Amino acid sequence: WGAEFLGLEPHTAVAAAVIDAHAALPAAGVCGEGDMMLILGTSGCDLLLSKQDAPVSGIYGKIMDGILPGYYVYEGGTPCLGDMFGWFVDNCVPHSYYERSGGNVFAYLEQLAAGAEDDAVWAIDWWNGSRSPYLDPELTGCLFGLTLRTRPEHIYRALLEAAVFNT
């Protein structure tokens, strides 16, 4: 019936779409009660498998059979993680940092950030809204505490800390 309805030849292979983060759990062997996986990329996704149906504040999704039959998947995370760091290095890092980085500006910034004195810069990482805990795509990111002494490594450190605290 489906092939006829769609105008396909019989036995045409059809692939079902699947959310990349959801496909990652079974592929990584995360398949049991209480198993959790954090997937970090352009965004961040925290996925927990459970047979229990429980109200959990601050998550943006709870789906029965969403990944594996018989399990709820509880979802949290941030809609902008790697993208935020990419935006920062593309728009806020001086060319001289690229020259001194030896080809890896992220590693260079991480090294500088690890040794930077605390300059009281902090960030809210809602560059693309908030999934957890507020589920509001209209929220925006913010940097606080910038001064004329602020260097890119201070901001990078603040963004790293914001991402960690959000997770």
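Helices α3 and α5 pack at an angle of about 90 degrees, with their axes 11 Å apart. Here helices are DSSP runs of H or I with at least four residues, strands are runs of E with at least two, and both are numbered from the N terminus. The axes are lines fitted to C-alpha atoms, for helices over the stretch in contact, and the angles run from 0 to 180 degrees between N-to-C directions. The two helices α3 and α5 are therefore roughly perpendicular to each other, on a scale in which angles under 35 degrees count as roughly parallel, over 145 as roughly antiparallel, 65 to 115 as roughly perpendicular and the rest as oblique.

The model is a predicted one, in which local features need pLDDT of at least 70 and side-chain atom pairs count only at pLDDT 80 or more, while totals for chains, interfaces and linings use all residues. Residues are numbered from 1 along each chain as its sequence is written, and side-chain values use heavy atoms, with hydrogens and water left out.

In the packing of α3 with α5, Phe85, Gly86, Phe88 and Val89 of α3 meet Val105, Phe106 and Leu109 of α5, where contact means heavy atoms within 4.5 Å. The residues of this contact divide into 6 nonpolar, 1 polar and no charged. In this classification Ala, Val, Leu, Ile, Met, Phe, Trp, Tyr, Cys and Pro count as nonpolar, Asp, Glu, Lys and Arg as charged, and the others, Gly among them, as polar.

Helix α3 (residues 82–91) also packs with helix α6 (residues 152–166), at an angle of about 175 degrees and with the axes 11 Å apart. That angle makes α3 roughly antiparallel to α6. From α3 the contact draws on Met84, Phe85 and Phe88, and from α6 on Pro152, Ile155, Tyr156, Leu159, Leu160 and Ala163. By class, the contact of α3 with α6 has 9 nonpolar, no polar and no charged residues.

The buried residues of α3 are Met84, Phe85, Gly86, Phe88 and Val89; buried means under 20% relative accessible area, exposed over 50% and partly exposed in between, with a 1.4 Å probe and protein chains only. These buried residues of α3 pack against α4 (95–100), α5 (105–115) and α6.

The description now turns to the pockets. On a 1 Å grid over the protein atoms alone, a pocket is an open set of points with protein on both sides within 12 Å along at least five of seven lines, whereas a cavity is a set where a 1.4 Å probe fits but cannot get out; lining residues have an atom within 4 Å of a point. Grid points are joined across faces, edges and corners, and a volume is the space filled by probe spheres set on the points.

The second largest pocket has a volume of about 150 Å³. Its lining consists of Leu38, Leu40, Gly41, Leu81, Gly82, Phe85, Leu160, Ala163, Val164 and Thr167. Two or more residues of this lining come from each of β1, α3 and α6, and the largest share, 3 residues, comes from α6. By class, the lining of the second largest pocket has 7 nonpolar, 3 polar and no charged residues.

The largest pocket has a volume of about 220 Å³. Of the 17 residues that line the largest pocket, the closest to its centre are Met36, Asp46, Ile59, Glu75 and Gly76. Strands β1 (36–40), β2 (44–50) and β4 (72–78) each supply at least two residues of this lining, and β4 gives the most, with 5 residues. The lining of the largest pocket has 8 nonpolar, 7 polar and 2 charged residues.

Strand β2 also holds Ser50, which counts as buried at 8% relative accessibility. Ser50 and Val73 are 23 residues apart in sequence and 6.5 Å apart in space, C-alpha to C-alpha. Apart from its neighbours within four places in sequence, Ser50 is in contact with Glu33, Tyr71, Tyr72 and Tyr74.

Some backbone features lie in loops. Ser132 and Pro133 are joined by a cis peptide bond with omega of about 10 degrees, and Pro133 lies in the loop between β5 (122–124) and β6 (142–144). Leu135 lies in the loop between β5 and β6; phi of Leu135 is near 45 degrees, a positive value in a residue other than glycine, and at 55% relative accessibility Leu135 counts as exposed. His11, in the loop between α1 (2–6) and α2 (20–27), has a positive phi of about 70 degrees although it is not a glycine. His11 is exposed, with a relative accessible area of 85%.
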